[in-house]
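Subject: Handing over a structure, with notes

Dear colleague,

I am passing this structure on to you, and below it you will find my notes on what turned up in it. Please read them with the structure open beside you.

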Amino acid sequence: MLLAHSASTTWSFEPLQLVPLAVGALLYARRAWTLARRGTPVAGWRPFVFGLGVAIVAVSLVSPIATLGEQESFAFHMVQHLLLGDLGPLCIVAGLTGPLLRPLLSVRAVRALRFLAHPLVALPIWTVNLFLWHLPTLWEAALRHDAVHALEHACFFTAGVIMWAAVVEVLPGPEWFGTAAKMGYVAAVRVVSTILGNVLIWAGTPFYGLYEEAHRPWGLSASADQGIAGGIMMIEGSLVTIGALAWLFLRLAAEGDLRQELLERGLDPRAVRRAVRYGRGQELSRPS
């Protein structure tokens, strides 16, 4: 799989990975259309963000980024996995709502998996997945075997979805996991990725023998390529973390002001907490 050729201009097609993505996009569009017909349309920005997430994942799977990552450069492979396992899932989860997911959650087997989005479950799963697939044995097995490669991509995408689902909280999470706790959770996610990024940057020795045999772009050594991959991971993580923490901080401030206003009106504190947390505070603030 690591033979040198014009990977920088090669687009690939892997039905095993693209078909589920296409099916998911079609089901989303159908459900959004159904809700619009019923008079409860999805906010206009959500389909856009969901579609952006689908596009990001598709690009990560079929563009020259994928081909370069599989054949020539660990750094490009890192870019692919960040698109597939972080940015794409974040956009897709942000585009979801409870009503959109209701048909899926009516399936008992799916409903039973809701616990995976619990922050104390999602974070360990995401962490273990991240480190396991970066072990040389599993990483190189994915490069050598298409089925293992598809499994690796499915694991990165799924782990990214459940990790971000805990933050975006499309479905209600534990009562203690409010906006302040989410800020700590996002920081913990980035501490984990920073550890791995630093290992890749400062290792000094390339971990993946297959990349040592590859004809890397720009004449990079395997060690330099690995260091760049670690740097890309840390830069992407830092930018996403800054954005997520800024959003959560602004949300925390707005929630605090609205919560205080509602409590001063003598409303039930627990009802106020839940309404403000899930964006229904304005409903309680209306005069009865």
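How many salt bridges does a search of the whole structure find? The answer is two, and I describe each of them below, with the reminder that this is a predicted model.

In one of the two salt bridges, Asp86 is paired with Arg190, and their closest N and O atoms are 2.9 Å apart. Asp86 belongs to helix H4 (residues 74–94) and Arg190 to helix H10 (residues 179–202), so this pair ties together parts that are 104 residues apart in sequence. Asp86 is buried, its relative accessible area being 4%, and Arg190 is buried as well, with a value of 8%.

Glu169 and Lys182 also meet through their side chains in a salt bridge, with a distance of 2.7 Å from N to O. Here Glu169 sits in the loop between helix H9 (146–168) and H10, while Lys182 is part of helix H10, so the parts that are tied together lie 13 residues apart in sequence. Glu169 has a relative accessible area of 8% and is buried; Lys182, at 0% relative accessibility, likewise counts as buried, because the cut-off for that word is under 20%.

Turning to the aromatic residues, the structure holds seven aromatic pairs. The ring centres of Tyr28 and Phe50 are 3.8 Å apart and the ring planes stand at 10°, so this pair is stacked, as planes under 30 degrees apart are counted. Tyr28 is found in helix H1 (residues 15–37) and Phe50 in helix H2 (residues 45–62), so the pair ties together parts separated by 22 residues in sequence, and both Tyr28 and Phe50 are buried. Trp176 and Phe177, in turn, form an edge-to-face pair, with 5.4 Å from centre to centre and 75° between the planes, and Phe177 counts as buried at 3% relative accessibility. There is also one aromatic cluster formed by Phe74, Trp139, Phe207 and Tyr208.

A word on confidence, finally: the protein chain averages a pLDDT of 86, and 85% of the residues score at least 70. Within the chain, confidence is highest in helix H7 (residues 119–133), at a mean of 97, and lowest in helix H14 (residues 281–285), at 54. Over residues 1–5 the pLDDT is below 50, although this stretch has 16 contacts in the model beyond near neighbours in sequence.

With best wishes

Terms used: Residues are numbered from 1 along each chain as its sequence is written. This is a predicted model: local features need pLDDT of at least 70, side-chain atom pairs count only at pLDDT 80 or more; totals for chains, interfaces and linings use all residues. Side-chain values use heavy atoms; hydrogens and water are left out. Rings of Phe, Tyr and Trp (its six-membered ring) pair if their centres lie within 6.5 Å; planes under 30 degrees apart count as stacked, over 60 as edge-to-face and the rest as tilted. Helices (H or I, at least four residues) and strands (E, at least two) are DSSP runs, numbered from the N terminus. Buried means under 20% relative accessible area, exposed over 50%, partly exposed in between (1.4 Å probe, protein chains only). pLDDT is the predictor's confidence in each residue, from 0 to 100. Contact means heavy atoms within 4.5 Å. A salt bridge is a side-chain nitrogen of Lys or Arg within 4 Å of a carboxyl oxygen of Asp or Glu.
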